[in-house]
Amino acid sequence: MALTLYVDTARWRAHHKHVSEQFPGLVPVCKGNGYGFGHERLADEATRLGSDILAVGTTYEAARIKDWFGGDLLVLTPFRRGEEPVPLPDRVIRSVSSVDGVYGLVGARVVIEVMSSMKRHGVSEHDLPQLHAAIENVRLEGFAIHLPLDRTDGSDAVEEVIGWMDRLRAARLPLHTMFVSHLKAEELARLQQQFPQTRFRARIGTRLWLGDHEATEYRGAVLDVTPVSKGDRFGYRQQKAASDGWLVVVAGGTSHGVGLEAPKALHGVMPRAKGVARAGLATVNRNLSPFVWGGKQRWFAEPPHMQVSILFVPSDAPEPKVGEELVAHLRHTTTQFDRIVER
């Protein structure tokens, strides 16, 4: 009895192929928990795609993935002086977001990140004159720009990249390769047409691995079903059942990531109203679970346990049976499954 990730492998891989065809020179991203699939699996899928380079989040991830992927590894987290040294092969490329960082990587392969409207990290326009001397002692693999997902001000992503291309060109810095993130295929094509001497390489993770929502599905197995009557006490906190129904113990708890949710940016009146409503219900211990039964997401009977969750299913719904599985709407990047089943 397990929390299982079901994968329609043929459909999943067809989506990978479609994305790679849209983005020539694609750089697959494998970071965090491997987008729910794990580093080893995604390294294998990147090899299957014929990728010559794989982007990872940290040097620690690079140290693990180097044994599973034979091409170059691009570390996305920028180098900082004083960081813990991690032994890595020469095929690892470091991202750098400051002039000082470039000076700290003498002899290394580097990609220099420029400051985008994300304002997360990157060299500024004022840093460019200092880069001439700094890059003499490194092997420059190119520049990179990480763009925002939303543009509420109506600005144009392509124009932002063009602005940086013009600044780099004016500073007489090499423009043979530009790594980009969060561009559409048509936007990438526009840039490639305008700058034919530069190779644009899109770093893509979520869109590549998770872009086809129908290719994957989480399900939790029902472990126990106990009938309860209104007023019966149950669980760790001995709360009272609000009505007749069943307590359903299903595989999937906090160790799997069930009950964990990253904060979301809410846009518009309705999403904000729903967020306020959910917060209000949570104050009276009413929390909607990710598990679906009888066509509806069911409420947690109490906060999820380490490896299981207890749900309340009212008596007007079908009675779940031990061994059946409940579909679970879980976020791949925060979920750890027990097993994976290919279909």
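Visitor: In which hand does H6 pass H7 in this model?
Guide: The model is predicted. In it, H6 crosses H7, and the crossing is right-handed.

Visitor: Which residues of H6 and H7 make the contact?
Guide: Both helices take part. H7 gives Glu187, Arg190, Leu191 and Gln194. From H6 come Ala157, Val158, Glu159, Val161 and Ile162.

Visitor: How many residues of this contact are nonpolar, polar and charged?
Guide: Look at the class of each residue where H6 meets H7. Three are charged and one is polar. The nonpolar residues number five.

Visitor: Are H6 and H7 roughly parallel or roughly antiparallel?
Guide: H6 covers residues 157-170 and H7 covers residues 185-194. Their axes come within 10 Å and cross at roughly 30°. Angles under 35 degrees count as roughly parallel. Therefore H6 and H7 are, to each other, roughly parallel.

Visitor: What volume does the largest cavity have?
Guide: Searching the whole structure turns up one cavity of 30 Å³ or more. Its lining includes Glu113, Met115 and His146. By class, that lining has two nonpolar, three polar and three charged residues. The volume of the largest cavity is about 50 Å³.

Visitor: Which residues are closest to the centre of the second largest pocket?
Guide: This pocket holds about 700 Å³ of space. It is lined by 24 residues. Closest to the centre are Lys31, Tyr35, His146, His182 and Thr206.

Visitor: Which strand and which helix each supply at least two residues of that pocket's lining?
Guide: The lining of the second largest pocket has eight nonpolar, ten polar and six charged residues. At least two come from each of these elements: strand S9 (199-204) and helix H8 (206-210).

How values were computed
Residues are numbered from 1 along each chain as its sequence is written. This is a predicted model: local features need pLDDT of at least 70, side-chain atom pairs count only at pLDDT 80 or more; totals for chains, interfaces and linings use all residues. Side-chain values use heavy atoms; hydrogens and water are left out. Axes are lines fitted to C-alpha atoms, for helices over the stretch in contact, and angles run from 0 to 180 degrees between N-to-C directions. Helices (H or I, at least four residues) and strands (E, at least two) are DSSP runs, numbered from the N terminus. Angles under 35 degrees count as roughly parallel, over 145 as roughly antiparallel, 65 to 115 as roughly perpendicular and the rest as oblique. A crossing is left-handed if the near helix is turned anticlockwise from the far one by less than a right angle, and right-handed if clockwise. Contact means heavy atoms within 4.5 Å. Ala, Val, Leu, Ile, Met, Phe, Trp, Tyr, Cys and Pro count as nonpolar, Asp, Glu, Lys and Arg as charged, and the others, Gly among them, as polar. On a 1 Å grid over the protein atoms alone, a cavity is a set of points where a 1.4 Å probe fits but cannot get out, and a pocket is an open set with protein on both sides within 12 Å along at least five of seven lines; lining residues have an atom within 4 Å of a point. Grid points are joined across faces, edges and corners, and a volume is the space filled by probe spheres set on the points.
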